Amino acid sequence: RAIEVTREINNKLVLGNSLSEKSTVLLTTGNLEESRKIYEEVLALATDLGNPDLLFDVQLLGLRINQKAGNREETLRDIEKALSKNPGNAEKAALHFLAFEIEPNPKDHYQAISLYRDLFDQTPKFIYKQRIAQLEEWRS
């Protein structure tokens, strides 16, 4: 319903975020094809809007979809490519976290947890605290 309303009022940024969330939920619940369809729509919308936060969220979503589709090595290469573009610390943390989820290793674990701790010290966002807890749990 929220997606219908944002389409009606033409709030493209809220629509993009809502579609991204819907695609993420579908992916999490195992509906890869429907998630991919919505991803294609939100990618076009995010590209059109040019909002950097939405674009990055959609990029992460695309990486997760690609990984769930069985393209593990390609996804890891794409993460490395994204990291080579010198993203901000929040983006770096998210990319290292995703790489660690796909293939647990000390380098990505260290990078992700260090970055999330620094980010949390600067701005105590719930997502940072949650990621730190997940990474600490994986370590034990």
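**Reading an exposed asparagine and its chain**

Student: Does asparagine 86 count as buried or exposed?

Tutor: At 60% relative accessibility, asparagine 86 counts as exposed (buried is under 20% relative accessible area, exposed over 50%, partly exposed in between, with a 1.4 Å probe and protein chains only). Keep in mind that this is a predicted model, where local features need pLDDT of at least 70, side-chain atom pairs count only at pLDDT 80 or more, and totals for chains, interfaces and linings use all residues. Residues are numbered from 1 along each chain as its sequence is written, and side-chain values use heavy atoms, with hydrogens and water left out.

Student: Where does asparagine 86 lie?

Tutor: Asparagine 86 is in the loop between helix 5 (72–84) and helix 6 (89–102); helices (H or I, at least four residues) and strands (E, at least two) are DSSP runs, numbered from the N terminus. Asparagine 86 isn't a glycine, yet its phi is positive, about 55 degrees.

Student: How many helices and strands are in the chain?

Tutor: You'll find 8 helices and 0 strands. The radius of gyration, taken over C-alpha atoms, is 16 Å, close to the 14 Å that the globule rule gives for 140 residues, so the chain is as compact as a globular protein of that length (the rule is 2.2 Å times the number of residues to the power 0.38).

Student: What share of the 140 residues counts as buried?

Tutor: 37% of them. As for extent, the C-alpha atoms fill a box of roughly 45 × 35 × 30 Å along the principal axes.
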